[in-house]
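Have the model open while you read.

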Amino acid sequence: MRNLAFGFIAAVSLAGIPAAHAADPESKAAVIAAIEASHSTYDAIAHEIWEWAEVGYQEKKSSARLQEPLRSAGFAIETGLVGMPTAFVASYGSGSPTIALLAEFDALPGLS
């Protein structure tokens with residue numbers, strides 16, 4: 001769950017920073033500061049998803065909860081992919097580089 005939270009924080013924090021500025025030390029410091037400032041918020045989201053423990057194809061609250069901050073950060077959200085109502089893609093910007101994160105956030109019955 002910690003990796004999901006970090007990937008999520010990084011994706012939202014990096015939104016809006018042009019690739020040309022990625023190597024700039026000041027931009028790197030700004031991203032690190034944004035990640036650190038947002039950590040408790042996204043850590044709380046990760047814990048919520050953990051507590052809900054929704055099984056595959058039924059993770060409606062978890063999917064919606066992940067989409068909220070992405071949408072607020074300016075990501076375009078596409079939902080209901082390949083016949084899975086809880087699957088979504090969040091896209092931001094265009095061009096290169098393309099960065100993708102795959103997150104599995106469904107629970108396995110009887111394990112937690």
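Is glutamate 68 buried, partly exposed or exposed? Its relative accessibility is 42%, so glutamate 68 counts as partly exposed. The cut-offs here are under 20% relative accessible area for buried and over 50% for exposed, with partly exposed in between (1.4 Å probe, protein chains only).

1. Ground rules. This is a predicted model, in which local features need pLDDT of at least 70 and side-chain atom pairs count only at pLDDT 80 or more, while totals for chains, interfaces and linings use all residues. Residues are numbered from 1 along each chain as its sequence is written, and side-chain values use heavy atoms, with hydrogens and water left out.

2. Overall layout. The protein has 3 helices and 2 strands, running α-α-α-β-β from the N terminus on. Helices (H or I, at least four residues) and strands (E, at least two) are DSSP runs, numbered from the N terminus. Of the 112 residues in the protein, 29% are buried. Among contacts (heavy atoms within 4.5 Å) with a separation of 6 or more, 54% are between residues 24 or more positions apart.

3. Helix H2. The 28 residues of H2 should span 40 Å at 1.5 Å a residue, and its end C-alpha atoms are 39 Å apart, which agrees. That expected span is 1.5 Å times one less than the number of residues. Even so, H2 bends by about 50 degrees at histidine 39; the bend is the angle between axes fitted to the seven residues ending there and the seven starting there. Its buried residues include Ser27, Val31 and Ile35. Just after H2, alanine 53 has a positive phi of about 45 degrees.

4. The core. The largest nonpolar core is made of 8 residues: Tyr42, Ile45, Ile49, Leu66, Leu70, Phe75, Phe88 and Phe105. In soluble globular proteins, nonpolar side chains tend to be buried together.

5. Salt bridges. There are 2 in the structure, a salt bridge being a side-chain nitrogen of Lys or Arg within 4 Å of a carboxyl oxygen of Asp or Glu. Glutamate 48 pairs with arginine 65, with the closest N and O atoms 2.8 Å apart. This pair links distant parts of the chain, since glutamate 48 is in H2 and arginine 65 is in H3, 17 residues apart. Arginine 65 also bridges to glutamate 68, at 3.0 Å between the closest N and O atoms. Those two both lie in H3, 3 residues apart, about one turn of the helix. Glutamate 48, at 28% relative accessibility, counts as partly exposed.

6. Backbone spots to check. Most residues other than glycine have a negative phi, and most peptide bonds are trans. Tyrosine 57, in the loop between H2 and H3, has a phi near 70 degrees and is exposed at 55% relative accessible area. Valine 82, in the loop between S1 (76–79) and S2, has a phi near 40 degrees and is exposed at 74%. A cis peptide bond joins serine 96 and proline 97, with omega about -5 degrees; proline 97 lies in the segment after S2 (88–91).

Conventions. A nonpolar core is a set of buried Ala, Val, Leu, Ile, Met, Phe, Trp, Tyr and Cys residues joined through side-chain atoms within 4.5 Å.
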